[in-house]
Amino acid sequence: MVSWILEDGVFGCSMAPLATEIRKQGHNVKIVDYTRGITDYQRFFPQTECVIFYGSLYIAEQILSWDLSWTPGIIGTIEHYHCTAYYPHLKPWLLNAGGYILPLSELSSSVVEKPKLLFNLEQSKRLFIRPNSPLKPFAGSLYSPREVTDLDSFMKRHYLEDPNILVVVAPEQSIEAEWRVIIAQGQILCASQYRQIEKPYYQSGMPEIVRQVAEAVAQQQWQPDPIWVLDLCCSGNLAYVLEINFLSCSALYQCDLSLVVREASEAAWKRWVQKQQGI
């Protein structure tokens, strides 16, 4: 039996359907609910139990920093989700394959002093910038070159302390639609569209052009975890990889909850058993 901790409302919706499915499959579940003051999640289950947390990056970081002995605690080997870790493996399918990864301070100075070392900024009114870290100290977004040159303002705007954090930077590209795909054991488990022309749009499944890329990525040798999240998009009538994410902090949209609970619980239980056996 696996024990789940859910953070209610974190993805803009109730966790009730997910909690119902977890109980239906015979597992324990507790809900962190800040609106009701139920936040003492460290005491929900003994630290020797097989526990999965599902919710915000904020609590995920706390669980990681406090070094709780839950197994697995977080569904996701965090170091595998840094862009520097997975970009080399997924480069053939990446939307931002032509971008760069460099310190924020270096990007800021390069925009002013050496723009052609990056790309032709004169032809790109905005730049896509996101953090290298999967814990996302700021959200990836589009910025004008002028916004990037004022490093102090950029850092204050995003509550950043380290000017040398690694960021990904790439020219702006149009994106028609986006999908979230859950990969398990090298296979597509389920999928959901979540955006259409920059607006929320939810429906299960994905078109064939997106499925082909998802299958190619799922079947390649490198896998960040037994179960993980792949985000894809369509741009210029072609499908690309946007990014990957770890399951514990990824919205499921219209993905099949029964499949996700089953595979995540099995992966967590297997890891817990291996720990008990000292493997």
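Which strands and which helix are included in what covers the buried residues of H1? The panels below start there. This is a predicted model, in which local features need pLDDT of at least 70, side-chain atom pairs count only at pLDDT 80 or more, and totals for chains, interfaces and linings use all residues. Residues are numbered from 1 along each chain as its sequence is written, and side-chain values use heavy atoms, with hydrogens and water left out.

**Panel A. Helix H1 and its cover.** The cover of the buried residues of H1 includes strand E1 (3–7), strand E2 (28–32), E3 and helix H9 (257–276). Helices (H or I, at least four residues) and strands (E, at least two) are DSSP runs, numbered from the N terminus. H1 spans residues 16–24, and its buried residues are Leu18, Ala19, Glu21 and Ile22. Their arc around the axis is only 160°, which puts them on the same side of H1. The arc is that of the directions from the helix axis to the C-beta atoms. Thr20 and Lys24 are exposed, on the face turned away from the buried side of H1. Buried means under 20% relative accessible area, exposed over 50%, and partly exposed in between (1.4 Å probe, protein chains only). Glycine 26 follows H1 and has a positive phi, near 90°.

**Panel B. The buried face of helix H3.** H3 covers residues 83–90, with Cys83, Tyr86, Tyr87 and Leu90 buried. These buried residues fall within an arc of 115° seen down the axis of H3, so they line one face of the helix. An α-helix has 3.6 residues a turn, so residues three or four places apart point the same way. The buried residues of H3 pack against strands E5 (100–103), E6 (127–131), E8 (166–171) and E13 (238–245), and against helix H8 (208–219).

**Panel C. The largest nonpolar core.** A nonpolar core is a set of buried Ala, Val, Leu, Ile, Met, Phe, Trp, Tyr and Cys residues joined through side-chain atoms within 4.5 Å. The largest has 42 residues, and Ile5 and Leu230 touch the most other members. H8 gives the most to this core, 5 residues. Contact means heavy atoms within 4.5 Å. Beyond four places in sequence, isoleucine 5 touches residues including Lys30, Phe44, Ile52 and Trp70. Another core, of 27 residues, lies apart; among them are Ile22, Ile75, Ile182 and Ala184.

**Panel D. Alanine 177 in strand E9.** Alanine 177 lies in E9 (residues 177–184). Its relative accessible area is 5%, so alanine 177 is buried. Neighbours within four places aside, alanine 177 is in contact with Gln193, Arg195, Gln196, Leu232, Cys233 and Cys234.

Panel E. On a 1 Å grid over the protein atoms alone, a cavity is a set of points where a 1.4 Å probe fits but cannot get out; a pocket is an open set with protein on both sides within 12 Å along at least five of seven lines; lining residues have an atom within 4 Å of a point. Grid points are joined across faces, edges and corners, and a volume is the space filled by probe spheres set on the points. The largest pocket has a volume of about 1,100 Å³. Its lining holds 38 residues, with Phe128, Gly140, Glu178, Arg195 and Glu243 nearest the centre. The largest cavity has a volume of about 40 Å³. E3 gives the largest share of the cavity's lining, 3 residues.
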